[in-house]
Amino acid sequence: MVDILNLALPYFGLIFVGFACGKVKSIPESGLAWMNFFLLYVSLPALLFAIMSKTPFSELNNPPFLVATTLSTVAAFTLALVVGKLFGRLTLREATLAGLSGGYGNIGYMGPGLALAVLGPKAAAPTALIFCCDSIFLFTIVPLLIELSDRDHPSFVHAFGVVLKQIVLNPLIMSACFGAAVAALHIELPVALDRTITFLQNAAAPTALFVLGVTVALRPFDRVPWEVPGVIAVKLLIHPLAAFALMLAFGPFAQPWAATAVLMASLPPALNVFVIARQNDAWIESASVAVLLGTFASVVTLTSVMWAIQTGRLAFP
């Protein structure tokens with residue numbers, strides 16, 4: 001258990017350091033703008049590109065695994081959306097963001113570093129695949145439902161155009177696709193470029209976790225909306241259980257692949273949930289509370305999953 005804590009606590013420790021700094025120092029939130037830009041457009045794309053480009057392309061061709069992990073995310077998203085509608089009596093726009101909170105884990109900020117730390121290099125390929133498939137699904141269904149709930153733009157064709165544009169312009173998805181292309185074509189990067197990418201990718205996790213802590217600290221926390229505990233339960237409990245069941249149903253898969261799927265599904269709600277909520281001017285306070293409480297609760301749930309994986313109690317035939 002000490003080994004597990006040694007793996008997990010630095011990740012949560014950086015979040016709490018950021019949280020404490022955000023509470024102690026009265027620096028305007030606008031000061032995070034360049035850090036967020038660096039993460040979204042430079043460091044995280046470098047990390048995903050490196051993972052995909054250095055993974056043999058034959059390992060990326062695993063349709064059953066893609067279907068199983070994506071279905072678990074679809075199930076979590078749908079259930080969280082229903083929870084939002086029933087318990088929070090939310091509009092479709094707000095319930096869509098609640099669904100995003102229940103289905104979209106911190107697969108960009110925490111996922112790659114944590115999976116590689118727990119499972120080693122064999123977790124690189126499944127981590128990258130899960131990120132790509134989850135991002136494509138969620139960045140398709142969420143803008144689509146939000147656009148369809150917009151009275152000014154009710155056209156399905158318009159909504160589809162918005163969705164397609166967001167996917168094409170998403171730097172994380174595009175960097176993963178470029179990395180897969182490099183792997184497929186067996187392109188060797190120049191040494192200087194490869195070292196630059198390595199330098200940038202190493203900055204992704206600590207910067208992202210610190211920014212997550214600061215951003216959550218700057219959010220108002222007056223009350224817990226009725227639907228938030230249910231959404232968090234879907235993300236931290238139902239999503240990993242669904243991933244586990246689908247790994248068994250669609251398998252067998254190699255232990256590192258199946259364990260990576262469950263570990264990634266166990267991650268807390270992503271900071272991007274709050275960012276997207278603010279962009280759409282809906283469910284903003286609830287999104288910040290979901291990210292905050294989900295991150296704190298995952299100290300127990302995520303660490304437990306890591307312990308089960310490391311001790312062999314979470315094993316797949």
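**Overall form and interior spaces**

Modeller: With 317 residues, a compact globule would have a radius of gyration near 20 Å, and the protein has 19 Å, which agrees; the radius is taken over C-alpha atoms, and the globule rule is 2.2 Å times the number of residues to the power 0.38. This is a predicted model, in which local features need pLDDT of at least 70 and side-chain atom pairs count only at pLDDT 80 or more, while totals for chains, interfaces and linings use all residues. Residues are numbered from 1 along each chain as its sequence is written, and side-chain values use heavy atoms, with hydrogens and water left out.

Colleague: What does the C-alpha trace span along its principal axes?

Modeller: The trace spans about 50 × 45 × 45 Å. Buried residues make up 53% of the 317, where buried means under 20% relative accessible area, exposed over 50% and partly exposed in between, with a 1.4 Å probe and protein chains only. Among contacts (heavy atoms within 4.5 Å) between residues at least 6 apart in sequence, 85% join residues at least 24 apart.

Colleague: How many helices and strands does the secondary structure come to?

Modeller: The protein has 15 helices and zero strands, given that helices (H or I, at least four residues) and strands (E, at least two) are DSSP runs, numbered from the N terminus.

Colleague: What makes a set of points a pocket, and what makes it a cavity?

Modeller: On a 1 Å grid over the protein atoms alone, a cavity is a set of points where a 1.4 Å probe fits but cannot get out, whereas a pocket is an open set with protein on both sides within 12 Å along at least five of seven lines; lining residues have an atom within 4 Å of a point. Grid points are joined across faces, edges and corners, and a volume is the space filled by probe spheres set on the points. The largest pocket has a volume of about 790 Å³. Of the 31 residues that line this pocket, the closest to its centre are Leu 40, Asn 170, Val 275, Ile 276 and Gln 279.

Colleague: Which helix gives the largest share of the lining of the largest pocket?

Modeller: H7 does, with six residues, and H2 (33-53), H8 (156-168), H9 (171-185) and H14 (271-279) are among the helices that each supply at least two. By class, the lining has 20 nonpolar, nine polar and two charged residues, where Ala, Val, Leu, Ile, Met, Phe, Trp, Tyr, Cys and Pro count as nonpolar, Asp, Glu, Lys and Arg as charged, and the others, Gly among them, as polar.

Colleague: How many cavities of 30 Å³ or more are there by this rule?

Modeller: The count comes to two. The largest cavity has a volume of about 50 Å³, and H4 (63-87), H7, H12 (227-250) and H13 (255-265) each supply at least two residues of its lining. Asp 134 and His 239 are among the residues of that lining, which has five nonpolar, four polar and one charged by class.

Colleague: What classes of residue line the second largest cavity?

Modeller: The lining of the second largest cavity divides into seven nonpolar, two polar and no charged residues, including Phe 16, Phe 19 and Phe 296. About 40 Å³ of space lies in this cavity, and H1 (2-24), H11 (204-217) and H15 (284-310) each supply at least two residues of its lining.
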